[in-house]
Amino acid sequence: MLDFKELEAFVWAVRLGSFRKAAERLHLTQPSISERISRLEGSVGEVLLERSARPIQPTMRGREFFVHAEQLLHQRDEALRLFDDEETYSAPLRLGAIETIAHSWLPDFMRGLTQRYPRLTIELSVDYSPALNQRLAGNDLDILLAMNGYLDPERVDQVSLSPYEMGMFVSPDHVEMLTAGPDSWLVGLPFISFGKKARPYEELIEYLARQGLEQPRIHSVSTLMTIVRMTMEGLGIGALPVATVLDEWRSGKLYRLELPCALPDMHYDVIWRPASHPRFCRSVGLLAQECAERYASSRRDDMAQSDFPGRWVRPERPTTHPLAT
C-alpha cells in the first residue's frame with residue numbers, strides 16, 4: 001500500500017539529491033526520510049535510489065516511478081484544494097427547483113451561480129416539492145429550491161427564501177358575473193390550483209372551507225403556466241403567485257379578485273443534506289436568498305407604483321356569508 005508521506009520523501013530526495021535537504025524541506029529528520037524511502041522500496045519490491053551516488057540518483061526503475069509519484073502528489077494537492085476554496089467547485093450540481101421559482105428569479109440565480117463558480121455545470125430538474133424532496137433523500141439531487149417539511153428536519157439544512165404572495169385571478173370575461181352577488185366568486189366558477197400532492201392545493205381547500213365552501217370544485221394542474229393559460233381562457237378562478245402573473249395582470253389579460261382575507265403565502269427554502277459539501281451548499285443558498293429577495297422587492301415596487309394599471313374584481317360582500325350558516 002503506497003503512502004503519500006513515503007512518496008513525498010522519495011520525490012523530494014530525487015529533486016534535491018540529498019536525504020538531508022529533503023528532511024529540511026519536509027521538516028523531518030534525515031533518519032525519518034531514509035526510513036520512509038526504505039518502506040516505499042519494500043512496498044514496490046525494488047531499489048529506487050542509488051544511495052552511494054552524490055548527489056543521490058534514482059535507479060532506472062526509480063526514474064520511471066518518479067514520474068508517477070509526482071503525478072500522484074499533484075492530484076492529491078488538487079483534490080485537497082477543493083476543501084480550501086469552494087469557488088473551484090467543478091462537479092455537476094444536481095439542482096432541483098419548483099416551477100414557480102423556475103418562472104421567476106431562477107435565471108438570475110443561475111447567472112450569478114455560474115459567475116461565482118465558472119467551472120460549474122448544472123443539471124436542472126423542475127418538479128413539484130414532494131417529488132424533489134424524495135429525490136434529495138435518495139441522493140439523486142444535491143440542492144433544492146422548493147417547499148420544506150417533507151423530510152426529517154435532522155436530515156436536511158436549509159436557508160429560507162422570500163415568500164410569494166398568492167392571489168385569485170380570472171379572465172376579464174367573468175368580471176360581470178363575479179360581481180353579480182355575494183356568492184358569485186365562490187360558486188360561479190371552479191377554481192384552478194396546483195396538483196393534489198402540492199401544499200398550495202391543500203391550503204386552498206382549507207381557505208375555501210373557512211369561507212364556508214366545504215366541497216369546492218377544483219381543477220388540479222401540474223404546471224404553473226398551464227394554470228395561467230386556463231385562467232386566461234376563462235376556465236376558472238386561478239389561485240396563483242401574484243409576482244409570476246404581474247405582466248398578465250398589468251396588461252388586463254387577468255383581473256385579480258379582492259378577497260375577504262388573504263390567501264396563505266407560498267414559502268420556499270433552499271434545502272440540502274448536511275453531508276453534501278455544507279460550505280458550498282450554504283454559499284449557494286445565500287446566493288439564492290439574495291436573488292429571491294431582489295425579485296420580490298422589484299415586484300413589490302412595481303405594484304406600489306401609483307400608475308400601476310392592474311384591475312380588480314370586487315364581489316359584493318354579505319354581512320354574514322350564507323354558505324357559512
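**Reading helix packing, burial and pockets**

Author: In this predicted model, the axes of helix α1 (residues 4–16) and helix α3 (residues 30–44) come within 8 Å and cross at roughly 110°.

Reader: How is α1 oriented relative to α3, parallel or perpendicular?

Author: Two packed helices are described by the angle between their axes and by the distance between those axes. Here α1 is roughly perpendicular to α3, because angles of 65 to 115 degrees are counted in that class.

Reader: Which residues of α1 and α3 meet?

Author: An α-helix has 3.6 residues a turn, so residues three or four places apart point the same way. From α1 the contact takes K5, E6, L7, A9, F10 and A13, and these meet I33, R36, I37, R39, L40 and S43 of α3. Sorted by class, the contact of α1 with α3 has 7 nonpolar, 1 polar and 4 charged residues.

Reader: Turning to helix α7, which of its residues are buried, and what covers them?

Author: In α7, which spans residues 129–137, the buried residues are S129, P130, A131, L132, N133 and L136. Their cover includes the strands β3 (92–97), β4 (121–126), β5 (143–146) and β12 (269–272). After the helix comes N139, whose phi is positive, near 60°.

Reader: What is the volume of the largest pocket, and which residues are closest to its centre?

Author: The largest pocket has a volume of about 310 Å³, and of the 21 residues that line it, D127, Y128, S129, F194 and S222 are the closest to its centre. The elements giving two or more residues to this lining are α5 (99–102) and α10 (199–210). By class, the lining of the largest pocket comprises 11 nonpolar, 5 polar and 5 charged residues.

Reader: How many residues line the second largest pocket, and what is its make-up by class?

Author: The second largest pocket, with a volume of about 210 Å³, is lined by 14 residues, of which P163, Y164, E165, A296 and R300 lie nearest its centre. Its lining has 9 nonpolar, 1 polar and 4 charged residues.

Definitions and conventions. Residues numbered from 1 in each chain as written. Predicted model: local features only at pLDDT ≥ 70, side-chain atom pairs only at ≥ 80, totals over all residues. Heavy atoms only, no water. Buried < 20%, exposed > 50% of the residue type's maximum accessible area, 1.4 Å probe, protein only. Helix = DSSP H or I, 4+ residues; strand = E, 2+ residues; numbered from the N terminus. Contact = heavy atoms within 4.5 Å. 1 Å grid on protein atoms, 1.4 Å probe; cavity = no way out; pocket = protein on both sides within 12 Å on 5 of 7 lines; lining within 4 Å. Points joined across faces, edges and corners; volume = space filled by probe spheres on them. Nonpolar A, V, L, I, M, F, W, Y, C, P; charged D, E, K, R; others polar. Axes fitted to C-alpha atoms, helices over the stretch in contact; angles between N-to-C directions. Parallel < 35°, antiparallel > 145°, perpendicular 65-115°, else oblique.
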